[in-house]
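Dear colleague,

Please find below the structure that I am handing over to you, together with its sequence.

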Amino acid sequence: MDSKLRRTAILSSMAVITLVSLLVFYTNKSPKHSGNGSNMTAGQSGSSDQDSQSQDTQEPGNNGVMNGQIGDDLRAFLRDNTFFDEEVNPVLEAAKDNAMRLSLVVTSIEKDLRIQIVDTQGNPVTGESFFVKLDGLGEYKDLDKDGVIYIGDLAAGEYYVQLMPMEGYRIPANETKVRVKDKVEYVAIDDISLLILTEEDIDAMTEDSEVADALADADRTEIKKLQGTTANSRVGIDVSKWNGEIDWDKVKNAGVEFAIIRAGYRGSVTGSLVEDPYFDKNMKGAAASGIPVGVYFFTQAVNEVEAVEEASAVLQLIREYHLEYPVFIDTEGAGGNGRADGLDAETRTLVCEAFCRTISNAGNQAGVYASRNWYNNNLQTDKLENYCIWLAEYRSVPIYQGYYQMWQYTSKGSIDGISGNVDMNISYLK
């Protein structure tokens with residue numbers, strides 16, 4: 001049993017023990033005497049016996065509590081040497097049995113199946129090499145023991161999935177019926193939260209390897225201070241974990257009018273979906289200071305299916321927040337060795353479109369972030385014109401020939417409330 005299941009079993013057992021103790025107390029507590037002497041023969045006073053019994057009920061026992069009705073001592077089970085014996089106590093055995101029950105969560109985006117093996121709390125069960133049987137196609141194994149089995153290149157249609165027996169676990173008795181979709185529908189995945197990890201779950205030094213391509217294109221005219229607001233523009237910043245702790249009140253007082261906050265990223269090696277460790281703190285801090293926000297997600301998706309996953313992850317992370325600026329897909333390199341670094345322009349454009357369409361279909365404004373060189377060489381920009389274009393070009397005046405609604409003009413800005421460099425932007429959005 002892994003640590004998560006063990007904790008669940010212990011907590012469930014303690015809750016059941018407490019409930020049983022309370023039931024024992026109320027079940028065994030005797031009703032109050034009516035005092036009408038109905039159990040005595042005529043003419044018999046019985047006063048001596050009653051006084052004696054009354055005194056007995058008021059004497060403290062060996063455990064320091066008063067000797068009262070049966071069930072008054074709620075700690076009595078602690079003196080029962082067999083109470084915590086799973087072979088003797090049915091309560092603990094039932095709790096353990098419940099903790100070991102498994103179920104399947106199965107989704108399809110396009111000609112594929114993602115099968116998640118979860119416990120009674122809905123959490124993926126890791127550390128085991130589970131097998132599933134797909135009718136007519138054989139068995140598939142969870143090779144990396146992450147509680148997820150992915151099967152691609154399936155024909156559209158209905159399938160039946162069966163979790164194979166695993167020692168120590170109770171599996172579903174019946175097969176799970178699923179439908180494999182023929183085409184991407186650009187709709188958020190409801191159970192994507194099961195796939196969102198924290199940096200405690202991964203090797204962040206390896207996975208978070210985003211490289212700012214715009215740096216190589218910068219020139220000596222780059223402006224490094226917060227620019228002024230005009231009738232048609234607003235000035236703002238974008239931040240992530242790399243900016244550390246932020247004093248948002250100071251940022252607000254320094255003149256910042258909006259902030260684009262990183263929600264997370266896809267790992268450049270394993271492809272894991274990871275929440276930025278400062279995301280919630282930054283979102284709440286900006287909101288408390290009255291700074292409007294948008295968000296961005298660093299992509300390493302290699303196809304449309306993964307782009308829908310990334311968009312779904314962002315929608316899950318922002319569900320409790322109000323956004324006044326778009327949700328951006330950040331498409332950059334990961335040092336040359338990232339899983340998406342070698343994509344051709346057509347595939348990368350499809351990834352950006354799939355992300356943006358999923359975000360738009362959920363009712364949010366979507367956009368694409370990239371450097372001037374990236375737009376010119378790695379994207380088909382004519383297919384992205386329906387979305388907000390966020391340009392990164394570190395010059396006093398951009399030389400990019402395409403249309404854009406936001407401009408990141410430096411990564412070396414300085415602002416009160418943030419230690420070190422910070423990205424600065426101008427928004428031309430209405």
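**Buried charges and their partners**

Asp208 is buried, with a relative accessible area of 7%, where buried means under 20% relative accessible area, exposed over 50%, and partly exposed in between, using a 1.4 Å probe and protein chains only. Please keep in mind that this is a predicted model, in which local features need pLDDT of at least 70 and side-chain atom pairs count only at pLDDT 80 or more, whereas totals for chains, interfaces and linings use all residues. Residues are numbered from 1 along each chain as its sequence is written, and side-chain values use heavy atoms, with hydrogens and water left out.

Asp208 forms a salt bridge with Lys241, and the closest N and O atoms of this pair are 3.0 Å apart; a salt bridge here is a side-chain nitrogen of Lys or Arg within 4 Å of a carboxyl oxygen of Asp or Glu. Because Asp208 lies in the loop between helix 4 (204-207) and strand 9 (234-239), while Lys241 lies in the loop between strand 9 and helix 5 (248-253), the pair ties together parts that are 33 residues apart in sequence. Helices (H or I, at least four residues) and strands (E, at least two) are DSSP runs, numbered from the N terminus. Lys241 is buried as well, with a relative accessible area of 12%. Both residues belong to a network of salt bridges that links Glu199, Asp208, Glu210, Lys241, Arg262 and Asp276.

Asp217, which counts as buried at 10% relative accessibility, takes part in a salt bridge with Arg372, the closest N and O atoms being 2.9 Å apart. Arg372 lies in helix 9 (residues 372-378) and Asp217 in the loop between helix 4 and strand 9, so this pair ties together parts that are 155 residues apart in sequence. The side chain of Asp217 also meets that of Arg395 in a salt bridge, at 3.2 Å from N to O. This second pair links distant parts of the chain, 178 residues apart, with Arg395 in the loop between strand 15 (388-392) and strand 16 (406-413). Arg395 counts as buried at 14% relative accessibility.

**The chain as a whole**

The structure holds 20 salt bridges, and the secondary structure of the protein chain comes to nine helices and 17 strands. Of the 430 residues of the chain, 46% count as buried. Among contacts (heavy atoms within 4.5 Å) between residues at least 6 apart in sequence, 64% join residues at least 24 apart.

**One cavity**

How many cavities of 30 Å³ or more does a search of the whole structure find? The search finds one, a cavity being a set of points, on a 1 Å grid over the protein atoms alone, where a 1.4 Å probe fits but cannot get out. About 60 Å³ of space lies in the largest cavity; grid points are joined across faces, edges and corners, and the volume is the space filled by probe spheres set on the points. Its lining residues, which have an atom within 4 Å of a point, include Thr299, Gln300, Asp341, Arg348 and Cys352.

**One further residue**

Ser129 is placed in the loop between strand 2 (113-118) and strand 3 (131-134), and it is buried, with a relative accessible area of 18%. Leaving aside neighbours within four places in sequence, Ser129 is in contact with Lys141, Asp142, Lys145 and Met166.

With kind regards

Note on methods: On a 1 Å grid over the protein atoms alone, a cavity is a set of points where a 1.4 Å probe fits but cannot get out, and a pocket is an open set with protein on both sides within 12 Å along at least five of seven lines; lining residues have an atom within 4 Å of a point.
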